[in-house]
Amino acid sequence: MTDGSLISPAGLESLVASEPCVVIDTRAPEAYAAGHIPGAVNLHDIFTYLATSSPEGIAELRGKFAEEFGSVGLSGAETAVIYEQSMATGFGQSCRGYFLLQYLGYPKIKVLHGGYEAWEAAGLSTSTDAVAPQPKTFPVSDIGAELMMDVADMMEAIKSEGVVKLDVRDIDEWIAESSSPYGKDFCPRKGRIPGARWIEWYRMMKPTASGPMIKSKDEVLAECATVGITPETPVAIYCFKGARASNTYLALKEAGVKDVKIYFGSWNEWSRDPALPIEEGLPF
Ligand SMILES: O=S(=O)([O-])[S-]
C-alpha cells in the first residue's frame with residue numbers, strides 16, 4: 001500500500017526535497033544515535049508514555065505532546081513524517097505517533113512504510129549527526145478529539161453489540177497468560193475487555209524483501225472479515241498502551257474502515273481498576 005498516510009522511502013526522499021517536513025524517529029535514543037534518516041529528530045516518548053483517560057490524564061497527554069511536537073518544529077505548515085525500525089518490531093510506535101498527531105488535529109501526517117529498515121533496504125543515506133530543530137508553536141485543535149475513547153466510552157461500547165471491541169494484543173495477553181509486553185504481572189489483572197474479538201496486530205502486515213509491510217486494502221479487509229468487521233462497522237481498538245492499536249488503526253483506515261477509534265488507556269488503565277469488568281481465563 002503506497003497512497004494515503006503511508007509513504008515509501010523514495011516518496012519521503014522526494015517529499016523532503018520539495019516541501020517543509022519534520023521527520024520524527026520514534027526509536028530509542030541509542031538506536032537513533034547509531035544512525036537515522038538525515039535531518040530526523042528523535043522523540044521516543046511517543047512510544048513510552050503511559051496514558052490514562054481521566055480528564056487529568058487527557059489534559060496531561062495533550063499538553064505534553066503539543067509541547068513535544070512543537071519543540072521539534074511542527075507548526076502546521078510542515079508535513080510530519082514518522083518512522084520506527086520496521087512496522088512489526090516496535091509495537092507500532094510510529095503509528096502511535098501518527099494517532100497522537102491525528103488526535104491533536106495535526107493536518108499533514110505520514111508514516112514511513114517499512115520504517116528505517118525499508119529506508120536502508122532502499123540504499124538511501126543515513127546520518128549520525130545531531131539535529132537541532134527550530135521550536136514552533138504546535139497548533140492544537142479538537143478536530144480529532146473523538147478518535148480517542150475513555151473508560152466511559154468503552155463501557156458504552158461494551159453494551160453495544162454493533163461496536164466491535166477489537167483486541168490486537170499478542171496471543172499471551174489475549175489468552176490471559178500475560179498482562180503486558182513488559183512482563184506477565186506488570187498489571188494487576190490478566191484477561192480481556194468483555195465481548196472483545198481478537199486479531200493479533202501482526203496479521204495486518206506481511207513480509208517483503210524490505211521488511212514487514214501493511215497488507216493491501218483487500219488483504220486487510222479479509223482479516224477484518226474474520227471477526228465481523230466491514231468498512232461500515234464501528235470499531236473500538238485496544239492493546240496494552242495504544243501502540244499496537246495504532247498500527248491496526250492505520251491499517252483499517254487505509255483499508256477504508258470508516259469509524260475506527262482507540263481506547264488509548266488500553267489494558268494498562270483498564271486492568272488497574274477492579275471495578276471495571278473483564279473476562280478471565282482462556283477465551284475458548
Ligand atoms: O503496543 S502496546 O502499546 O500495547 S506496548
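Predicted model: local features only at pLDDT ≥ 70, side-chain atom pairs only at ≥ 80, totals over all residues.
**Exercise 1. Classify the ring pair of tyrosine 106 and phenylalanine 138, and work out what it ties together.**

Solution. First, get the tally: the pair rule turns up 16 aromatic pairs. Tyrosine 106 and phenylalanine 138 make one of these, with 5.4 Å from centre to centre and 20° between the planes. Planes under 30 degrees apart count as stacked, so that's the label for this pair.

Now place the two residues. Tyrosine 106 sits in the loop between helix H5 (93-103) and strand E5 (109-112), while phenylalanine 138 is in the loop between helix H6 (115-121) and strand E6 (148-149). The pair therefore ties together parts that are 32 residues apart in sequence.

**Exercise 2. Classify the pair formed by tyrosine 263 and tryptophan 270.**

Solution. The ring centres are 5.8 Å apart, and the planes make an angle of 80°. Anything over 60 degrees is edge-to-face, and that's what we have here. As for accessibility, tyrosine 263 and tryptophan 270 are both buried.

**Exercise 3. Find which charged side chains lie over the faces of tyrosine 116 and phenylalanine 65.**

Solution. Take tyrosine 116 to begin with: arginine 27 lies over its face, 4.2 Å from the ring centre. Over its face lies lysine 64, at 5.7 Å from the ring centre.

**Exercise 4. Describe the largest pocket and its lining.**

Solution. Volume comes first: the largest pocket holds about 280 Å³ of space. Its lining has 20 residues, and Cys21, Val22, Val23, Pro38 and Gly39 are the closest to the centre. Helix H1 (9-18) and strand E2 (21-25) are the elements that give two or more residues to this lining. Sort the lining by class and you get 13 nonpolar, four polar and three charged residues.

**Exercise 5. Compare the make-up of the two annotated stretches.**

Solution. An unreviewed UniProt entry places "domain: Rhodanese" at residues 17-128 and 159-279. Residues 17-128 are 42% helix and 14% strand, with the end C-alpha atoms 20 Å apart. For residues 159-279, the figures are 26% helix, 15% strand and 15 Å between the end C-alpha atoms.

Notes: Residues numbered from 1 in each chain as written. Heavy atoms only, no water. Phe/Tyr/Trp six-rings, centres within 6.5 Å; stacked < 30°, edge-to-face > 60°. Helix = DSSP H or I, 4+ residues; strand = E, 2+ residues; numbered from the N terminus. Buried < 20%, exposed > 50% of the residue type's maximum accessible area, 1.4 Å probe, protein only. Lys NZ or Arg CZ within 6 Å of the ring centre and 35° of its normal. 1 Å grid on protein atoms, 1.4 Å probe; cavity = no way out; pocket = protein on both sides within 12 Å on 5 of 7 lines; lining within 4 Å. Points joined across faces, edges and corners; volume = space filled by probe spheres on them. Nonpolar A, V, L, I, M, F, W, Y, C, P; charged D, E, K, R; others polar. UniProt positions renumbered as here; feature names shortened; annotations may be inferred.
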